[in-house]
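Trainee: I'd like to learn how to read helix packing and holes in a model. Can you walk me through it?

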Amino acid sequence: MKITPSILTADFCRLGETIDEALDAGIGWLHMDVMDGNWVVNRTITFGPALIKSIRERVGSDVFIDCHLMVTNAEETWEQYANAGADLVIAHIEAVDDFPKLISELHGSGVQSGCVINPDTPIDGLLPFLSELDLVLVMSVVPGKGGQSFIPEVEGKVRALREAIDSQIENGGRETKLMIDGGIKDHNAAMVAEWGVDIAVVGSGLINEKSTIAENLVSITNSLEI
Ligand code: DX5
Ligand code: ZN
């Protein structure tokens, strides 16, 4: 299982150094949590395409950048993130009217497409276009901030999506990736890996005052090998 950092718990005045630290620790994928101050319940604003552009210029083309759009108008604004250098745009099914259209627009612009569902959103709505998605993200916290507690009740949805994706691949379909996001630490990373997750987003478990990103990454990676 791959680990990708969310930077929400980073000191935004030192963001460049934090990203350098993450890459030096061996991280190759950045998860950028875009919030527009409207869509998430606590009305948080984080950052927009300008930051994605600066980070892309800093890290070069080899680092994979996804943008998790927690915004009301992803169908209008996805292109700003694509143009800023995102490799993958992940939009909320709860906030998009015509997901298949968004997928084809993203693919048409050479960007991978992801669909994210909140902890209490069933998977049924995304199954009809699962085979078109490069990634599905199951939220294991309510979107809005880092450092929240993991919601174990998402297990059933994760396992059901694992099964659906595996049968899709067996029938020659797309190798859709399965991601989880929220409350992942070294005490539960192995559990979600066993559920069949391909990539886990880790925010406060990687970026915190207690220890370095490298130390935290080692402790999570070691927990996967036990
Ligand atoms: C929450 C974000 C998550 C969050 C993860 O809205 O989508 O990516 O920052 O942070 P932790 O790992 O601390 O829950
Ligand atoms: Zn996220």
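Mentor: Start with helix 3 and helix 4, whose crossing is right-handed. A crossing is right-handed if the near helix is turned clockwise from the far one by less than a right angle, and left-handed if anticlockwise. Helices are DSSP runs of H or I with at least four residues, strands are E runs of at least two, and both are numbered from the N terminus. Keep in mind that this is a predicted model, where local features need pLDDT of at least 70, side-chain atom pairs count only at pLDDT 80 or more, and totals for chains, interfaces and linings use all residues. Residues are numbered from 1 along each chain as its sequence is written.

Trainee: At what angle do helix 3 and helix 4 pack?

Mentor: Two packed helices are described by the angle between their axes and the distance between the axes. Axes are lines fitted to C-alpha atoms, for helices over the stretch in contact, with angles from 0 to 180 degrees between N-to-C directions. Here the angle is about 15°, and the axes of helix 3 and helix 4 (residues 99-108) are 11 Å apart. Helix 3 and helix 4 are therefore roughly parallel, a label for angles under 35 degrees.

Trainee: Which residues of helix 3 and helix 4 meet?

Mentor: Contact means heavy atoms within 4.5 Å. From helix 3 come A74, E75 and W78, and from helix 4 L102, E105 and L106. That contact has 4 nonpolar, no polar and 2 charged residues; Ala, Val, Leu, Ile, Met, Phe, Trp, Tyr, Cys and Pro count as nonpolar, Asp, Glu, Lys and Arg as charged, and the others, Gly among them, as polar.

Trainee: And how far apart are the axes of helix 2 and helix 3?

Mentor: Helix 2 (residues 49-59) and helix 3 (residues 74-84) have axes 8 Å apart, at an angle of about 15°. On the helix 2 side, P49, I52, K53 and R56 touch Q80, Y81 and A84 of helix 3.

Trainee: Now the holes: how many cavities of 30 Å³ or more are there?

Mentor: On a 1 Å grid over the protein atoms alone, a cavity is a set of points where a 1.4 Å probe fits but cannot get out, while a pocket is an open set with protein on both sides within 12 Å along at least five of seven lines; lining residues have an atom within 4 Å of a point. Volume is the space filled by probe spheres set on the points, which are joined across faces, edges and corners. There is 1 such cavity, and the largest cavity has a volume of about 200 Å³. Of its 24 lining residues, V141, K145, G146, D181 and G182 are closest to the centre.

Trainee: What lines the largest pocket?

Mentor: The largest pocket holds about 210 Å³ of space. Its lining has 13 residues, with T9, R14, I207, N208 and E209 nearest the centre.

Notes: Chains are lettered from A and ligands numbered from 1 in the order in which they are written. Side-chain values use heavy atoms; hydrogens and water are left out. Angles under 35 degrees count as roughly parallel, over 145 as roughly antiparallel, 65 to 115 as roughly perpendicular and the rest as oblique.
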